[in-house]
Every structure is written in structure tokens, then in C-alpha cells.
Amino acid sequence: MRVLLSALVLLALVGCATTASEPEVAEVSGEAIYFERIAAPPNARLEVVLQDISRPGRAAERLGEMILENAGQPPYAFSIPYDPAQIDPRHSYSVAARLYDGDDLLFVTDQVHQVITRGFPSTATLKLRRVGSTPAQPLGELPATFKGTLPCADCPGIDYHLNLLDEGVYFLRQNYQDREGGPFDDIGRYLLSSDRDQLTLYGGREAPLRLAISGPDTLRLLDRDGGHIESELNYDLSRQPALQPLEPRLLLGGMYRYLADAGRFQECLTGLNMPVATEADHRALEKAYLAARERPGEALLVSLEGQIAQRMPMEGPGPVATLVPERFIGVWPEQGCPPPIKLADLKNTYWRLSLLDSEGVQRAPDQREPHLVFHEEDRLAGSDGCNRIVGAYALEDASIELSMLATTRMACLEGMAQARRFLETLEEVSQYRIIGRHLEMLDESGNLRLRFEAVALY
């Protein structure tokens, strides 16, 4: 009996060990749909992938996929198994789908559908867009408020309140918990990257603020170079159910005019054109303007401390954004606002090389600086800093293929090694994106290899 019991115990242990050794399997599931009244071809092929999207600037890591041949008509049900051991709770994951007719791409997801971590479920409904149609707004409906408490090096946390308004304008308030002197307000313009994966805030701060668009309801703070911040801490801002107005108070510069007993102010960073409230320090502003102007109604650059408040206008519906001039500083008749920030065009722009594989670029005296110009008709020209470069390029969405690259063969006193590395790196890039006035080129693995800055438009 003792032998029999021992054998039974051994069999039970072996059974437990076998069960424990079997890998746990989970899955994401849902359906993919499109709303165009177009029948899919009977042999359409649906491909759905589960991927790690935690590293902006790097290719997404694929964790699983489902391929459905002869998919028929939508909606398309999908299910993708994955190993939970591969999931890092600090990372972000999404599912994406494409519908093909043979090798021809018909429909594609153009929004981020996040799953599994950061409070997102393991199910999703994927909305497909017909290739060639107008892309959906990756930020969802605007205006909108995004909020979150993000890490702080020397305080409990930083409360972010970000309002994305119409026509590319943003208001931002940061409140450092348990610290005196706040909150701190910033205003400016926001731009989507050309691949629509990142949002950049250009305001009064020293460097732009970059955020990954994890979905229409989530923005994730990136480092200054647009890289993912590796941390278990929360760096997400979440969309709020309704717009929560902000009335920022900060140092302002803009074009002011006073005519017919009314002042107007066009702020430089945002382009907002606002009435000026007749309160606080408005008399000092009016007096200095009238003394400096040469003709009635002339717009002059002024600087002041003030608040952008919501007030009812003299006529019409409201409230409207109104400048409250709290402290007048000065008027500058010989100056004006700089040109508004905008997304540079890839073509016909002089792109000066500023970063080569994480290293700054050296410029030799009496030699051309390394640069590229993407001309019409898919022609490429430029310089490696020593010799002229010519070639061809082809674009497809965020992909770029450089071909037939050739250079002259002059020997230069300086910069030959850098020029050679530049040309070799050009042959390795396959993706690009434009962030404001910067062009970034990446390799197949999504590694940032080259960064350029727009210097002049033709």
C-alpha cells in the first residue's frame, strides 16, 4: 500500500510539473470593419498584428499575428494568441490591420488601437480606412483636454493640464506639487509629425515638448529627442470627458493696435487675435502705443505680462478669448513677430545634416556643409561635406527608398571619414518623418540614424 501511495504521489507530481511547464497563452480579439459602401473582393486577405509600440522612433516589435485568407466581407472577426510572459506592464501594445487584394493594399487602420496594458482591454474594434482617402484625425475630436500627473525629480509629481484647441493652438499648465511659485503656463502651436505618430508643442519653453499619440485618448511624454522614456512610472496624459477651459497667465509678445477706442492684440506664438480688456495696465499700453505709432491703426510689437481670459465681447455671442494686460513692459516699433511654426515640406527644402548616428556633425571651413535637397520628379541632390551627392528617391507613406546614389571623387583636407559614414548611412535608411522643421531618417529596425534641419525653402 505504501508503494502504491508513493507511486500515486509521484504521478501527481509529474502531472503537476507537466502542467506547470506548459506555457500560459492569452489572446487579443475583436473585429475589423470599414464603412465605405464598397464590396471587398472575394479573395481579400486580412492581416492583423499585435505589436509593442513603446519605442517611438523604432520599429514596432511584433508579438503575434493572424492572417485570414479569402476573408470575404466585413466585419472580420480576429483572435491573436500571445505569451503573457512577453508583456511588460510598462510598455504600450496595439493591434493593427490591413486588407489586401493580392499584393494591392485596399484598407488599413490609421489610428492606434491600444490593448492589454495601461488600463486598456484585450478586445478592440479596428476601423479600417480606404487607402488614398483622407486619414482620420489621430487626436480624435478637438478641442480637448488631456490631464495626468507625471514624474518629478524633486517633488511628488507634476500635474499637467493640456488643452488642444482649434487651428493648432495649445494651452498648457504645469503645477509642481508641494512647490511654491506655480502653476506655470505655456501657450503655442502644436504640430503632428508627418507619420502622424507624434505631437510636438512649440511654445515659449526652451525646447519643444514631444508626445507620442498612443491613441485618440492617450498622449505619452517622450524625451527631448522623441525617444521612449524607459520607466515603470506613468508618463501618460488622458483625454477628459469634456473640455476644461484654461486662462493662462504669462509673459506675452504680440502685435498691438489701438483704433476707434478699442485695442486688439495678435499673440506671436499662437496667432490668436484678441480684443484687449480695458482694465489692469491697459492705459499704460495705450499711451506707449500712441506715442510710438507713426500712423493710425498701425500694428506694433509690444511685450507685457497678462492673462488670456474668457470674456463676453461688446457684440455677438461669447465668451471669447480676451487679453487682460496686467503689466505693460515695452513697445518695439522696429520689430515684429517671427514666422509661425509649420511642418516643413520634404521636397524642395534645403535639409542641413545635424546628427549622424547620435553624433553632432562637424563642418569644415571652406567646404560645403552636409545637406540634401529632395527635388521634384524624385531626384536627390546634396553634399556629403566634401563631394556632391546625386541620386533618386521613392516614397510610400512613411517609407523612403534611396537609390542610384553617386558622388564626385574629390579629396578634401577635412571630413573625409564623416562624409563616408554619411553616404553609407544613407544607403541603410528606409523610413522618415518630419517633426516641425526637422527631418529624421531611420533604418529598418526603427533606429534614428540621421537628423536634418530645414534651413531654406526654395
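Contact means heavy atoms within 4.5 Å of each other. This is a predicted model, in which local features need pLDDT of at least 70, side-chain atom pairs count only at pLDDT 80 or more, and totals for chains, interfaces and linings use all residues. Residues are numbered from 1 along each chain as its sequence is written, and side-chain values use heavy atoms, with hydrogens and water left out.

**View 1**
Helices (H or I, at least four residues) and strands (E, at least two) are DSSP runs, numbered from the N terminus. The C-alpha trace spans about 110 × 65 × 55 Å along its principal axes. The protein has 458 residues, and 44% of them count as buried. Buried means under 20% relative accessible area, exposed means over 50%, and partly exposed lies in between (1.4 Å probe, protein chains only). Among contacts in the protein with a separation of 6 or more, 56% come from residues 24 or more positions apart.

**View 2. Residues 1–20 have a pLDDT below 50.**
pLDDT is the predictor's confidence in each residue, from 0 to 100. Its mean over the protein is 88, and 92% of the residues reach 70 or more. Over residues 1–20, the pLDDT is below 50, and this stretch has zero contacts in the model beyond near neighbours in sequence. Where pLDDT is low, the predicted coordinates should not be read in detail.

**View 3. Tyr82 sits in strand S4.**
Is Tyr82 buried or exposed? Tyr82 is buried, because its relative accessibility is 10%. Leave aside neighbours within four places in sequence. Tyr82 is then in contact with Glu24, Val25, Ala26, Glu27, Val28, Leu50, Ile87, Ile116 and Ser122. Leu413 is 331 residues from Tyr82 along the chain, and their C-alpha atoms are separated by 56 Å.

**View 4. Asp88 lies in the loop between strands S4 (76–82) and S5 (93–101).**
Asp88 counts as buried because its relative accessible area is 16%. Its side chain joins that of Arg90 in a polar contact of 2.8 Å. A polar contact is a pair of N or O atoms within 3.5 Å; within protein, one must be able to donate a hydrogen and the other to accept it, and residues adjacent in sequence count only if both atoms are side-chain atoms. Leaving aside neighbours within four places in sequence, Asp88 is in contact with Tyr93 and Thr117.

**View 5. Helix H2 covers residues 282–292 and has buried residues.**
Which residues of H2 are buried? They are His282, Leu285, Glu286, Ala288 and Tyr289. An α-helix has 3.6 residues a turn, so residues three or four places apart point the same way. The cover over the buried residues of H2 includes strands S17 (249–259), S20 (300–311) and S21 (320–332).

**View 6. Asp443 is found in strand S29, residues 438–443.**
A relative accessible area of 10% is why Asp443 counts as buried. Its side chain reaches the backbone nitrogen of Asn447 at 2.9 Å. Not counting residues up to four places away in sequence, Asp443 touches Glu428, Val429, Ser430, Gln431 and Arg449.

**View 7. Met404 lies in strand S27, residues 399–407.**
Met404 is exposed, because its relative accessibility is 67%. Not counting residues up to four places away in sequence, Met404 touches Val390, Gly391 and Ala392. Tyr393 is eleven residues from Met404 in sequence, and the two are 8.6 Å apart in space, C-alpha to C-alpha.

**View 8. Two peptide bonds are cis: Pro74 to Pro75 and Gly182 to Pro183.**
Most residues other than glycine have a negative phi, and most peptide bonds are trans. Between Pro74 and Pro75, omega is about 5°. Pro75 lies in the loop between strand S3 (61–68) and S4. From Gly182 to Pro183, omega is near -5°. Pro183 lies in the loop between strands S11 (169–176) and S12 (184–192).

**View 9. Ala260 and Asp366 have a positive phi.**
Ala260 is not a glycine, yet its phi is about 55°. The loop between S17 and strand S18 (262–267) holds Ala260. Ala260 counts as exposed because its relative accessibility is 70%. For Asp366, also not a glycine, phi is about 65°. Asp366 is found in the loop between strands S23 (359–360) and S24 (371–374). With 85% relative accessibility, Asp366 is exposed.
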